[in-house]
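Please look over the structure below.

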Amino acid sequence: MNNNILIIGASGQLGKYFVDKLSLNNNVIASDISSSNEFKCKFIFLDVLDIDNLKSVILKYKIEIIYNLAAILSAKGEKDPNKTWNLNTESFLNVANASIELGIKKIFWPSSIAVFGLNSGLEFVKNDVPMLPSTMYGISKLSCEKLMYYYNIKNVLDIRSLRFPGIVSASKPGGGTTDYIVEMLYSGLNKEKYICSLKKNRTLPMIHINDSVDAAIQLMNVEKKCLSIKYPYNITSFNMSPDQWKQVINDLGYKFDVDYMPDFRDNIAKSWPKTIDDNQLRNDISWKPKYNSLVTAESILKSIQS
Ligand code: AKB
């Protein structure tokens, strides 16, 4: 291993976890437009929309692999759809173009369950289904999925991707529909009433942050010939509704109340899968999650307190 890796969007929900894991065996540079995390590696300010700066960073640090995590998420994205389209697609294209020009070996870019829509068979969504996303976030992610496929089949880049469900972490996300999970854990811990933006029975697929990061790194480390598809893989661990989260957190001894006041985020969640099929990923890279919902709640509550 021991590669020079650039993480773009390192200050977001996933960044610190990727930095911590990848820094164990690699030289990692974390980058973002602001620094909200303490990193175990060098941090630089980098606006991925500035392709010249991106290229000079790649050259300066002899970058070989990029994890491109920059994105505006689903709920925030609906407040300014043009900005969301521009940031999400231009960041993808800038990384792709700079990588082609400068010979980057591999790119990881997260997609999302937001690429699915009401026509996707939401009870149990397979990897390849019709997709008509209804948020600008989902539309931009789906467009980049097509670009990813194009670059992979033309053999000009090696881009790998997972369609992340709601990720449960101690780090606070920002602007997502699934943010409520993390917020609820904080409310449970602080014994504060939580106002939930989703209906109490709105079930969504979810995963512990460690499982999602491990799967992404495992996907990046397998030989290309193991991958049976050239576009993103579904990934999931367990399915939960807000009411089930409340129950789990209460059962762990953190008694708190929840008021349900569904808003536009519930409509977004309604257009996303209730459960998804990730067997293609599990078969191709021999991956399976380690954390169920109870262990996830326990582990995240513990790490928030540490
Ligand atoms: C969001 O809620 O927008 C994200 C996602 C599911 O991609 N967490």
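In which loop is the place of Ile276? Ile276 sits in the loop between helix H9 (264-270) and helix H10 (279-285); helices (H or I, at least four residues) and strands (E, at least two) are DSSP runs numbered from the N terminus. This is a predicted model, in which local features need pLDDT of at least 70 and side-chain atom pairs count only at pLDDT 80 or more, while totals for chains, interfaces and linings use all residues. Residues are numbered from 1 along each chain as its sequence is written, and side-chain values use heavy atoms, with hydrogens and water left out.

**Ile276**
- Ile276 is buried, with a relative accessible area of 5% (buried means under 20%, exposed over 50%, partly exposed in between; 1.4 Å probe, protein chains only).
- Leaving aside residues up to four places away in sequence, Ile276 touches Ile113, Phe124, Val125, Pro205, Asn234, Ile235 and Thr236 (contact means heavy atoms within 4.5 Å).
- Ile249 is 27 residues from Ile276 in sequence and 24 Å away in space, C-alpha to C-alpha.

**Nonpolar cores**
- The largest nonpolar core has 74 residues, of which Ile7, Phe18, Tyr67, Phe108, Leu162 and Trp245 touch the most other members (a core is a set of buried Ala, Val, Leu, Ile, Met, Phe, Trp, Tyr and Cys residues joined through side-chain atoms within 4.5 Å).
- Helix H7 (residues 209-221) gives the most to this core, with seven residues.
- This core lies between domain 1 (4-165 + 208-234) and domain 2 (167-205 + 237-276 + 290-305), because both give residues to it; the domain bounds come from an automatic or database domain assignment.
- A second, separate core of 24 residues includes Ile8, Leu46, Val57 and Ala70.

**Pockets**
- A pocket is an open set of points on a 1 Å grid over the protein atoms alone, where a 1.4 Å probe fits, with protein on both sides within 12 Å along at least five of seven lines; lining residues have an atom within 4 Å of a point.
- The largest pocket is lined by 42 residues, with Gly12, Leu69, Ala71, Ile72 and Leu73 nearest its centre.
- Both domain 1 and domain 2 give residues to the lining of the largest pocket, so this pocket lies between them.
- The second largest pocket is lined by 16 residues, and Lys16, Tyr17, Asp20, Asn210 and Ser303 lie nearest its centre.
- H1 gives the most to the lining of the second largest pocket, with four residues.
- The second largest pocket also lies between domain 1 and domain 2, because both give residues to its lining.
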